[in-house]
Amino acid sequence: MICWALFEVEIEKLDYHHYLPLFFDGLCEMTFPYEFFARQGIHDMLEHGGNKILPVIPQLIIPIKNALNLRNRQVICVTLKVLQHLVVSADMVGEALVPYYRQILPILNIFKNMNGELF
């Protein structure tokens, strides 16, 4: 359940096409509490989204790409963890990301040789 100051909403009742991309936009945030709310919202929605996640994948690509393009190590690490959670959050999500590899992977190529330095 996502609980904010004035209301409580069951996560399963949220409009995933609206809120999940909004939370993914928050991957670029580096200031507390904004970065916390964005990341917690993403993980909560992925944990409870089930079949609502797959149709939203195309809307998540631009926020993911924007976060990676910041070239900030902390943001890249968080984004990679979010991608890991996204892939295991529902069936066929990993396969749905394949057409977008050309947009997501080039920025990671810059960091691939840094090994332990990135994390």
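Mentor: Start with burial. Buried means under 20% relative accessible area, exposed means over 50%, and partly exposed lies in between (1.4 Å probe, protein chains only). Take H17: its relative accessibility is 40%, so H17 counts as partly exposed.

Trainee: What kind of model is this?

Mentor: This is a predicted model, in which local features need pLDDT of at least 70 and side-chain atom pairs count only at pLDDT 80 or more, while totals for chains, interfaces and linings use all residues. Residues are numbered from 1 along each chain as its sequence is written, and side-chain values use heavy atoms, with hydrogens and water left out.

Trainee: How many helices and strands does the protein have?

Mentor: Know the rule first. Helices are DSSP runs of H or I with at least four residues, strands are runs of E with at least two, and numbering starts at the N terminus. Here there are six helices and two strands. Along the sequence the pattern reads β-β-α-α-α-α-α-α.

Trainee: Which helix holds H17, and what does H17 touch?

Mentor: H17 sits in helix α1. A contact means heavy atoms within 4.5 Å. Leaving out residues up to four places away in sequence, H17 touches P55, V56 and Q59. Another pair to look at is H17 and K52. They are 35 residues apart along the chain, and their C-alpha atoms are separated by 8.4 Å.

Trainee: What share of the contacts comes from residues 24 or more positions apart?

Mentor: Count the contacts with a separation of 6 or more. In this protein, residues 24 or more positions apart account for 71% of them.

Trainee: At what angle do the axes of α1 and α3 cross?

Mentor: Axes are lines fitted to C-alpha atoms, for helices over the stretch in contact, and angles run from 0 to 180 degrees between N-to-C directions. The axes of α1 and α3 cross at roughly 10° and come within 8 Å. That makes α1 roughly parallel to α3. The classes are these: under 35 degrees is roughly parallel, over 145 roughly antiparallel, 65 to 115 roughly perpendicular, and the rest oblique.

Trainee: Which residues in α1 and α3 meet?

Mentor: H17, L20, P21, F24 and D25 in α1 meet Q59, L60, P63 and I64 in α3. The residues of this contact divide into six nonpolar, two polar and one charged. For those labels, Ala, Val, Leu, Ile, Met, Phe, Trp, Tyr, Cys and Pro are nonpolar, Asp, Glu, Lys and Arg are charged, and the others, Gly among them, are polar.

Trainee: How far apart are the axes of α2 and α4?

Mentor: They are 9 Å apart, and the packing angle is about 10°. α2 and α4 are therefore roughly parallel to each other. R39, I42, H43, L46 and E47 of α2 make the contact with Q74, V78, V82, H85, L86 and S89 of α4. The residues of that contact split into five nonpolar, four polar and two charged.

Trainee: At what angle do α4 and α6 pack?

Mentor: Helix α4 (residues 73-89) and helix α6 (residues 101-111) pack at about 130°, with their axes 12 Å apart. That makes α4 oblique to α6. R73, I76, L80 and L83 in α4 meet I104, L108 and F111 in α6. This contact has six nonpolar residues, no polar ones and one charged.

Trainee: How many residues are in the largest nonpolar core?

Mentor: In soluble globular proteins, nonpolar side chains tend to be buried together. A nonpolar core is a set of buried Ala, Val, Leu, Ile, Met, Phe, Trp, Tyr and Cys residues joined through side-chain atoms within 4.5 Å. The largest one here has 32 residues, and F24, I57 and L86 have the most contacts inside it. The elements giving two or more residues to this core are α1 (16-25), α2 (34-49), α3 (57-69), α4, α5 (93-97) and α6. Beyond residues up to four places away in sequence, F24 touches I42, L60, P63, I64, V82 and L86. Of the protein's 119 residues, 39% count as buried.

Trainee: Is G49 buried or exposed?

Mentor: G49, in helix α2, is buried, with a relative accessible area of 5%. The C-alpha atoms of G49 and I11 are separated by 7.7 Å, and the two residues are 38 apart along the chain.

Trainee: Where is the cis peptide bond?

Mentor: It joins F32 and P33, with omega about 5°. P33 is in the loop between α1 and α2.

Trainee: What is the phi of R71, and of M92?

Mentor: R71 is not a glycine, yet its phi is positive, about 60°. R71 lies in the loop between α3 and α4. M92, also a residue other than glycine, has a positive phi near 70°. M92 lies in the loop between α4 and α5. Its relative accessible area is 48%, so M92 is partly exposed.
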